[in-house]
Each structure stands twice: as structure tokens, then as C-alpha cells.
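Dear colleague,

Here is the structure I promised to hand over. Please look through it first, then read my notes below.

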Amino acid sequence: MAESEVDSRGLVAGESRESSGPKITRLIKLTSIAGILIILALLAAAMVAALTAAETWAPLIQIFRDILLLILILEAVLVITAFAILMLQAAGFLIMLKTEVKPILDNARETTRLSKATAQFINSNAVDPLIQIKSFLTGLLAFLRELIRIHNLVTVDEGRGDQSDERQTP
């Protein structure tokens, strides 16, 4: 076993506990079918005996009846026990929901609240000032562009005015 690793469940690497699962369910199914067939065979034999010679088979039929009643009582006990186990499992599930899932949901709510607060903080302290600066610079650039156009128009008109004056004076 020096070469193979053993995990926390005590299984050697490559082995699986699921391999025994189908064998057990198959065994339970076969046992259940065999039990049902035996009961049906006994019931058929009791019916034949009751119809043919009732007085001779009466004590045996009473024993058979008593055995079937005991089996039904045991099944009722098993059903009640299974129902009790089911109720305990449901209670355990509800306790798990209350103790494990609720804190996870509360943590998710807190994270959502913090991310919303962070987004608002970033918006008010970083994004809005950048938008205002960009808007101001865009307006300033447009203003300067218009000033340059006006300056060019004025200088071009003054240059044309000087040339026209020189042509008229000869």
C-alpha cells in the first residue's frame, strides 16, 4: 500500500463505494419480490384449502391469518418509524436552512449594500468631477477655437483693408 494513496474515507485511489450500492438495492428488490411471492402462494393455498375442506383446514387457516396480521402490524410499525425519521430529517433540514443559509443570505445582502455604497462613493468623488472637468475643458476649447476664428477673420480683414488702401492712393 505504499504506492497507492488512501483518502479520508479509507478508500484506495481508484476504488469507489458506489460499486456496492447497486448490489444492495438489487438484493433488497429480490428479497421483496420473493417475500411477496411466498405470501401470494400461501394465500392461494389457503383459498384452495378453504374452498375444498374448510373444517379440516380451519386451524391452519387461523394460524396463517394470525401470521399475516403479525406481518401487517410489523409493517405498520416500520411505516410509522419511517415517517418519524422523515419528520426528523425535515426538522434537521429546516434547522440547517435557518443556521446556514440565512447567514449566507445576510452576508450577500451586506455585500450588495457595500457595493452600492462603493459605487455611489466612486460616482460622487471620481466620475462626477471628471465629467465636470471634461465638460469645462471642452467648453474652453470651443471658446478658444471661436476666439482664434474671430482673430483670423479680423486679421484677414485688416490685411485686405491695407491692400485696398494702397491700391487707391497711386
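A definition first: a residue is buried under 20% relative accessible area, exposed over 50%, and partly exposed in between (1.4 Å probe, protein chains only). Leu137 falls in the middle class, partly exposed, with a relative accessible area of 48%.

Two points on provenance. This is a predicted model, in which local features need pLDDT of at least 70, side-chain atom pairs count only at pLDDT 80 or more, and totals for chains, interfaces and linings use all residues. Residues are numbered from 1 along each chain as its sequence is written, and side-chain values use heavy atoms, with hydrogens and water left out.

Overall picture

The protein has two helices and zero strands. Both kinds of element are DSSP runs, numbered from the N terminus: helices are H or I with at least four residues, strands are E with at least two. Helix α1 covers residues 21-52. Helix α2 covers residues 54-168. The protein has 170 residues, and 3% of them count as buried. Accessible areas come from the Shrake-Rupley method with a 1.4 Å probe; for residues, only the protein chains shown count as cover.

Salt bridges

The rule is a side-chain nitrogen of Lys or Arg within 4 Å of a carboxyl oxygen of Asp or Glu. That gives four salt bridges. Among them are these three:

- Arg113 pairs with Glu110, with the closest N and O atoms 2.6 Å apart. Both lie in helix α2, three residues apart, about one turn of the helix. Arg113 is partly exposed at 47% relative accessible area, and Glu110 is partly exposed at 35%.
- Arg149 pairs with Glu146, the closest N and O atoms being 3.1 Å apart. These two also lie in helix α2, three residues apart, about one turn of the helix. Arg149 is partly exposed at 49% relative accessibility; Glu146 is partly exposed at 39%.
- Arg65 and Asp66 meet through their side chains at 3.3 Å, N to O. Arg65 is partly exposed at 45%, and Asp66 is partly exposed at 37%.

Nonpolar patch

Back to Leu137, which sits in helix α2. Leu137 belongs to a nonpolar surface patch with Leu130, Ile133, Phe136, Leu140, Phe143, Leu144 and Leu147. Together they have about 790 Å² of accessible area. Patches are made of residues with over 30% relative accessible area and no salt bridge; like charges are joined within 9 Å, and nonpolar side chains (Val, Leu, Ile, Met, Phe, Trp, Tyr) within 5 Å.

Largest pocket

Which residues line the largest pocket? They are Leu42, Ala45, Ala46, Ala49, Trp57, Leu60, Ile61, Ile63, Phe64 and Ile67. A pocket is found on a 1 Å grid over the protein atoms alone, as an open set of points where a 1.4 Å probe fits, with protein on both sides within 12 Å along at least five of seven lines; lining residues have an atom within 4 Å of a point. The volume is about 160 Å³, meaning the space filled by probe spheres set on points that are joined across faces, edges and corners.

Helices α1 and α2 each supply at least two lining residues. Helix α2 gives the most, with six. The lining divides into ten nonpolar, no polar and no charged residues. Here Ala, Val, Leu, Ile, Met, Phe, Trp, Tyr, Cys and Pro count as nonpolar, Asp, Glu, Lys and Arg as charged, and the others, Gly among them, as polar.

Ala45 is in helix α1 and is partly exposed at 46%.

Best regards
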